[in-house]
Each structure stands twice: as C-alpha cells, then as structure tokens.
Amino acid sequence: MLIDVRQQSIRESDRPVSAPEAPETPAPPAPEAVARHRALFRAIHRRKNPRLRKSDITVTEEAQVRRAVKATALGNAMEWYDFGVYAYLAVIIGKEFFPSGNDTAQTLSSLATFAAAFLVRPIGGMFFGPLGDRVGRKKILALTMIMMSAATLAIGLIPSYTTIGVWAPILLVFCRMVQGFSTGGEYGGAATFIAEYAPDKRRGFWGSFLEFGTLIGYTVAAVLVTTLTMLLSDDAMQSWGWRIPFMVAAPLGLIGLYLRMKLDESPAFQKMEEGGPAAERQKKSLKDSFFGQWRAMLLCIALVAAFNITDYMLLSYMPTYLTQLGFGEAGGLMSIVIVMLILMALINSVGRLSDRIGRKPVLMAGSVGFFVLALPAFLLIKQGGTVAVFTGLLILGLALVCYLGVMSSSLPALFPTDVRYGSLSIGFNISVSLFGGTTPLVVAGLISATGNDLMPAFYTMLAGLIGIIAVAAMKETARQPLEGSPPSVATDEEAQELVESQPQSQPQY
C-alpha cells in the first residue's frame, strides 16, 4: 500500500502547475433527501441566511446624534486649541524657555518641543485605544480630556528659563508629552464615537463636525493670540501675555468634560457588549488591534500622512513661516483666521457631498489639489502683500477642506467595531508622529539646510502624492454600515423600509 501511495504522489507531482483553484462550492443536497426532508433543508437555509429584522437595526434619533457630536467636537476643539496656541506662540516660547543666543536655534528648539509630544502619541494610542474597545468609548474620552486640559494649564504656569534654568525646558517637554500621551486616545475615540452614532446615510455630514471642532480650536487660538499681540506691547506679551491662552484651557476643559460625561455609550458599542462575554472581547481586542488589521492599518497610516502633513503645514507651521518671510505676525495670523472661517463655512457641505457621491472622489480632489497647486500657492505667499498671501493660503485651504470634511467618516470605516478604537488610534498616531507633528520641524530644518524657501511646497506635493495613491487603494464606504455593526438609520420608518426592501433569498428546492 505504501508503494501505491508513493506512486500516486509521483504521478501527481508530474502534473503541470496551474493557478490556484477557487474554493469549492458545497454540493447541493441530493434530490431524494430534499424530497423526504424539505422542511428541514429550508430551516437550515434560513439559519445560514438570516433575514435582517427591525430589532437588528440601530435607530438613532437626530437629537441624540447632535448631543454626541457636540460633546465630541468640543473636546476635539479643545485638543487643537492647545496645539494651536503652542504653534502660534512658538517664537515667544522659544525665547522664554531656552537659552538666549541664536533666534533660529530658539525657534527650532521650540518646534522640537512641539514635535516631542508626537513621539509619545503612539504610546497613548496603544494604551487608550484597546482600553476604549474594552471599557467603552465614553470613559476614555473623558479621561483624555482631563489630562489634556491639566497639561495645557501647567504650561502656562511654568517659570521661564531665566527663573529656574534648565528645569524650564524639562518641565515644558514633560507637559508636552502628557499632552501627546492623552491626545493619543483622543482622535481615534472621537472619530469612532461619532461614526458609531451617525446614521449610515449621513455619516459624512456628522463626521465632518469633528474637524469643524478642529478648526474652531485653531481659530479661537489664533484669534486670542492675535488679540493679545495687538493689545499688548512686545515686552508685556513676552513677559506674561503669552500665558493667558494656556490658562484659558482650564475652563474650556471643564465644559468639554461635563458634556462628555452626560453622554450615553455609542450604540455600536452597546450592541457589541450584548453580543458576548467581556473576557472574549478583551482578548480579541488586544490581539487584533495590533496584528489582525495590518492591511487596513497601512492604508490608515498613508491617508493620515497625507492629511496631517497638509493640515499641520497650513494650520500650525504657517504662522512661523510667514514671520520668517518678514510678513507681519498679526497680519499673517489674521489671514489664516479668515481662511479657517471660510473652511468652517464649507466643511459640513463637503461632508454632505461625500454622502452623496462617495468619500473617494472628494479625497482624491484634495490630494490632486495639493499635488498640483502647492507650488503656485507658495509662490504667491512668497510674493508678500496681504492679497497674495491670503490667496495662497486660501488655495491650500480649499484643498485641505476636502480632507477635513471626509477623513473623520472614512478612517473609522476601515476597521471592525470590536477593534475600531484601538486599531484606528494606533494607526492614526503612528502616522501623525512620523509625518504630522514633525512637519513644522522638518520643514524648518529643510529650509535651514537648503536655504530654499519653497521646501514647504515640495513637502506638501509629496503629501498630495501619498494621498493619491492611498485613496486609489481604499474601498468606498459611503452609505454603508460600519464593518461589524448592524445598519444604522435615523427613524423607525427608515428601519421598516430597510427590512421590507430586503431581497428574498429562497433555496432552489
């Protein structure tokens, strides 16, 4: 018998190699068996192909979605207010916390401290993300809000370098790292929370409010810094005026915390909790957040890289860039504020548009816009003059709003519900650390090394190219249920219509 098996193996190895065969379709049951047990086979078919019931569909009324979006977007505004204040005061902070000497060295040191917060963001994402998949989105979002507000307030209280010496930059870096650690759990949780509350047909519209909060945070930061710069003398601003925006973080954080604590947990997480024991969810979440979603995570990293390079280029680095070009600090900030106000007026319409035509066309328009228009925009900015600078900033802003209006609904759809918070937080923060938060430092370093003021344009074009490739590789997710979650609608009537519109699936016997 051994000889027969070996001969058969030799004969099979001589066969020509062909393409892998598709998985075999199970053979239909024998007609005689079906005739004898027709009811049994129909029951088996129904079990394998269950029909969607109305009780399976998540119905979230608009008032609930509004409350969730308001609390989450305000928290996101608080996060980016903190980062915006630091970016807009980078030059002053450099003089306050680092040894006097070369102004460029002080600015680079300040921007390096800005970037330091992003080094710990992936650690925060790895800690808070999987934890949010186990204990809930709401609790983690409240915790990150507390940490972020406390760290920002602390920055405003640190004595200067002339007062406590080397401890000033050490404490500044520590507070920035606390900010970065807490922020590691903020965006992934906020985007997940809104995506899981929003109805499938309007996820783009509601998701756009998260980045609306980002623009509010940046705008409030810019307006406050600009107002202080105009009202106070240079000495007063350098001495104590710069601390005021950091102090404002405390009351804003308390308001955001209050709103978040009053929310219910997201419907998708509640459904998941009903589906199985917590121990099983914990084991799967920890494992799959790291290893089970690597394809989606790579796509997430690429999309976030394109998004954040351009985001930080325009909203964080541009005030420093305009100052170095000799453009007035107050005039540069006001130009950016006006551009952000225009983007705030457009962002929800962009999100609504993505619900109609899809996420991919909108994201592709933004990516192509950055690749094609970055160089003309920066050439305009270099010309100087209020009109030229504003026009260049507006061109960049109109490309950026295509990302801002769609990214918050696109990224959560890459991952299934049971690992969404963890996988999104890890992928998002790895990308932000590598490509986003380092943008001001990298661009400033490139300009210093090459002497070419157009390096920001080339870096922006690289981001646009990454975006084009990433968007081409992603699947369209507009108007579809989130992976691992049941369909979500806004009314009972929609749920009933969805149930009645199901195609009939009948066995062929």
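Guide: The answers below concern a predicted model.

Visitor: How much space lies in the largest cavity?

Guide: The search of the whole structure finds three cavities of 30 Å³ or more. The lining of the largest cavity includes Thr58, Arg203, Leu482 and Ser488, and by class it has six nonpolar, three polar and three charged residues. The space in this largest cavity is about 60 Å³.

Visitor: Which helices each supply at least two residues of the lining of the largest cavity?

Guide: Among the lining residues are Ala195, Glu196, Pro267 and Ala268. The elements that each supply at least two lining residues are helix 11 (186-197) and helix 16 (267-275).

Visitor: Which elements give two or more residues to the lining of the second largest cavity?

Guide: The second largest cavity holds about 40 Å³ of space, and its lining divides into three nonpolar, four polar and two charged residues. Among the lining residues are Gly75, Met78, Thr144, Met148 and Ser182. The elements that give two or more residues to this lining are helix 4 (62-88), helix 8 (137-157) and helix 10 (167-183).

Visitor: Which helix gives the most to the nonpolar patch on the surface?

Guide: The patch is formed by Val368, Phe371, Val372, Leu373, Leu462, Leu465 and Ile469, with about 580 Å² of accessible area together. Two helices, helix 20 (359-383) and helix 25 (455-473), each supply at least two of its residues. With four residues, the helix that gives the most is helix 20.

Visitor: How many residues apart in sequence are the parts that Arg202 and Glu62 tie together?

Guide: The side chains of Arg202 and Glu62 meet in a salt bridge, at 3.6 Å from N to O. Arg202 lies in the loop between helix 11 and helix 12 (203-231) and Glu62 lies in helix 4, so the separation in sequence of the parts they tie together is 140 residues.

Visitor: Is Arg137, the salt-bridge partner of Glu196, buried or exposed?

Guide: The closest N and O atoms of Glu196 and Arg137 are 2.7 Å apart. Glu196 has a relative accessible area of 3% and Arg137 one of 0%. Because buried means under 20% relative accessible area, Arg137 counts as buried.

Visitor: Which residues do salt bridges that share partners join into one network?

Guide: The whole structure has nine salt bridges. One of them pairs Glus196 with Arg137. Through shared partners, the residues joined into one network are Asp133, Arg137, Glu196 and Arg420.

How values were computed:
Residues are numbered from 1 along each chain as its sequence is written. This is a predicted model: local features need pLDDT of at least 70, side-chain atom pairs count only at pLDDT 80 or more; totals for chains, interfaces and linings use all residues. Side-chain values use heavy atoms; hydrogens and water are left out. On a 1 Å grid over the protein atoms alone, a cavity is a set of points where a 1.4 Å probe fits but cannot get out, and a pocket is an open set with protein on both sides within 12 Å along at least five of seven lines; lining residues have an atom within 4 Å of a point. Grid points are joined across faces, edges and corners, and a volume is the space filled by probe spheres set on the points. Ala, Val, Leu, Ile, Met, Phe, Trp, Tyr, Cys and Pro count as nonpolar, Asp, Glu, Lys and Arg as charged, and the others, Gly among them, as polar. Patches are made of residues with over 30% relative accessible area and no salt bridge: like charges are joined within 9 Å, nonpolar side chains (Val, Leu, Ile, Met, Phe, Trp, Tyr) within 5 Å. Accessible areas come from the Shrake-Rupley method with a 1.4 Å probe; for residues, only the protein chains shown count as cover. A salt bridge is a side-chain nitrogen of Lys or Arg within 4 Å of a carboxyl oxygen of Asp or Glu. Buried means under 20% relative accessible area, exposed over 50%, partly exposed in between (1.4 Å probe, protein chains only).
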